[in-house]
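Subject: Handover of a structure for your review

Dear colleague,

Please find below the structure that I am handing over to you.

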Amino acid sequence: MPKLPAPPVPAPLKAPPPRPGESNGKGGPIEGAKAAGINVVDWVDERTSLSGGARWMMFRKVPKGTNWFYTLGSATMFAFLSQAVTGVFLAMYYRPDPAGGAYESIRYVTNDVFLGQFVRGMHKWGSSVMVILVFLHMGRTFFFGAYKYPRELNWVIGVVLLILTMVMSFTGYLLPFDQRAYWATIVGVNINGTGPLIGPYLSDFLRAGPEFGATTLSRFYAIHMLLVPGALIALISAHLYLVAKLGTTAPPWIKAEQSSELRKAEA
Amino acid sequence: MLLSDKHTQQKSKYTVDRMIPGAFEGETVTRRRFMTVSSQAMGGIAAASFLLPALGFAIGPIFKQPPHFWEDIGSTEDFTNNNYVPVVITIAQGIGEAGKSTAYVRQHNDAIDTDIYDRHTPYIAISTRCAHLGCPVRWVDAAERFICPCHGGVYDLLGRRVGGPPVRPLDRFPTRVKGDRVELWSGRFSVNSELKRFSPRDPGETVDGIGQYLYPSRPDARKSY
């Protein structure tokens with residue numbers, strides 16, 4: 001009996017042709033693992049087309065003269081990521097209880113939890129690092145003139161990010177709930193209150209009432225770990241999108257090449 | 001045009017010449033537009049139904065005064081009319097030590113007190129909350145001054161500013177005498193530089209001149225005690 005020809009198989013189900021430099025089909029376990037990884041990525045990419053976006057984001061043309069100063073922005077972002085990760089783990093132990101529980105939970109993290117002092121130290125000192133990096137990044141942008149057209153909106157977003165970083169520092173400072181945290185917050189909230197007309201209402205909003213009360217600490221905690229981080233993540237995404245969309249600037253000391261072959265040819 | 005007589009008589013710009021099956025005469029808005037607007041409105045209502053309560057929840061405390069109460073601070077024999085005695089009082093309940101504050105108390109003294117003497121002030125109770133930014137002042141006996149440790153605010157015997165950054169005198173608490181016990185009302189009142197009484201303001205907010213309008217007090221704090 002003659003054998004029927006094999007039915008046509010859809011392209012995704014066919015065995016892929018061997019890649020260049022690979023022996024045909026049957027490789028060792030390493031090549032098998034490699035192929036499995038590629039297959040998983042291909043499977044996701046076929047359904048999402050994410051690789052185009054990733055290429056758009058990662059493989060950009062950068063101007064001549066790009067130097068180490070251009071890493072301050074991503075340094076700031078990694079400082080934020082470090083704060084986010086350490087903050088999530090600190091939240092597993094922290095208790096926003098003003099009647100002694102908050103201080104006790106911080107004491108427990110610092111003295112008793114394995115690596116607790118280290119993670120808390122990362123979060124505490126990392127916040128200062130992040131503020132310093134934000135200002136250095138801002139100074140780089142300013143002195144290189146990178147805020148000019150068409151990047152004004154990215155400067156504005158950056159200023160909002162700076163303010164939100166300050167809000168994070170202010171609200172996070174209360175959480176250890178020791179004497180310094182308490183009095184610094186009293187003073188900080190009252191500084192807000194010195195703004196005319198809306199100042200008194202602003203400080204009432206921060207304190208949840210006319211005096212530092214039972215819900216002030218949990219309010220600061222919610223602002224610190226839910227409200228502002230959400231806004232920060234959204235605005236950092238917008239900031240990065242605009243960086244990729246508009247490209248980066250050359251440093252001001254790089255001059256346009258006046259006498260290139262191309263310009264001669266154009267002229 | 002291929003329109004029937006029936007169609008040519010129409011005036012609405014939405015039905016003339018559209019030739020859409022099911023379009024009825026006199027439509028004032030296209031169906032696409034109607035669906036767009038109504039689904040946007042539904043989305044807006046859905047978002048408002050959780051955003052507005054959440055917002056009210058967050059800003060509600062601005063308009064809500066915590067309950068104030070009379071606190072027993074000692075016997076009438078504990079206080080003199082020429083020097084201050086510190087008493088620890090509770091200004092926010094339920095949070096332990098963090099809700100406590102200190103007041104300096106003495107008997108009203110006609111020889112030195114220049115403010116009006118009435119049923120609210122048989123004893124002068126000075127709040128230790130500095131009128132600059134809220135740090136705790138202490139009474140320094142040798143200097144006969146209230147001195148703030150944070151930014152150097154200095155106040156005299158009556159709590160009036162004599163130096164440093166504060167913008168008004170120290171706040172006070174109403175007091176009363178019950179039998180031989182002295183009681184203090186946990187809600188402060190503020191005074192201006194002439195020791196005239198005002199509803200409570202936060203530190204850093206002057207009540208002299210235009211200040212009392214620039215820094216409005218909470219509406220429900222204006223009720224008298």
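Two strands are said to pair if DSSP finds at least two bridges between them. Please bear in mind throughout that this is a predicted model.

I begin with strand S4 of chain B, residues 123–127. Within S4(B), Ile124(B) is the bridge partner of Arg106(B). The strand S3(B), residues 100–107, pairs with S4(B) in the antiparallel sense, over 5 bridges. S4(B) also pairs with strand S9(B), residues 172–173, again in the antiparallel sense and over 2 bridges. In S9(B), Arg172(B) is the bridge partner of Ile126(B).

For S4(B), both faces are covered. Tyr123(B), Ala125(B) and Ser127(B) are buried on one side, and Ile124(B) and Ile126(B) are buried on the other.

I turn next to the interface between the two chains. The contact involves 28 residues from chain A and 32 residues from chain B. The size of an interface is often expressed as the accessible area lost when the parts come together. Between chain B and chain A, the buried area is about 2,300 Å², and carbon and sulfur atoms give 63% of it. Which three residues supply more than any other three of the area that chain B buries against chain A? They are Ile62(B), Ile95(B) and Leu133(B), which supply 24% of that area.

Arg188(B) forms a salt bridge with Glu211(A), with the closest N and O atoms 2.2 Å apart. On the side of chain B that touches chain A, helix H2 (31–59) and helix H3 (211–214) each supply at least two residues. H2(B) gives the largest share, 3 residues. The residues of that side of chain B divide into 18 nonpolar, 8 polar and 6 charged.

Finally, I draw your attention to one residue of chain A. Thr165(A) lies in helix H6(A), residues 152–174. Its relative accessible area is 6%, which is under 20%, so Thr165(A) counts as buried. Leaving aside neighbours within four places in sequence, Thr165(A) is in contact with Met130(A), Val131(A), Val134(A) and Leu232(A).

Yours sincerely

Methods: Residues numbered from 1 in each chain as written. Chains lettered and ligands numbered in written order. Predicted model: local features only at pLDDT ≥ 70, side-chain atom pairs only at ≥ 80, totals over all residues. Heavy atoms only, no water. Contact = heavy atoms within 4.5 Å. Buried area = accessible area lost by both parts, 1.4 Å probe. Salt bridge = Lys/Arg side-chain N within 4 Å of Asp/Glu carboxyl O. Helix = DSSP H or I, 4+ residues; strand = E, 2+ residues; numbered from the N terminus. Nonpolar A, V, L, I, M, F, W, Y, C, P; charged D, E, K, R; others polar. Buried < 20%, exposed > 50% of the residue type's maximum accessible area, 1.4 Å probe, protein only.
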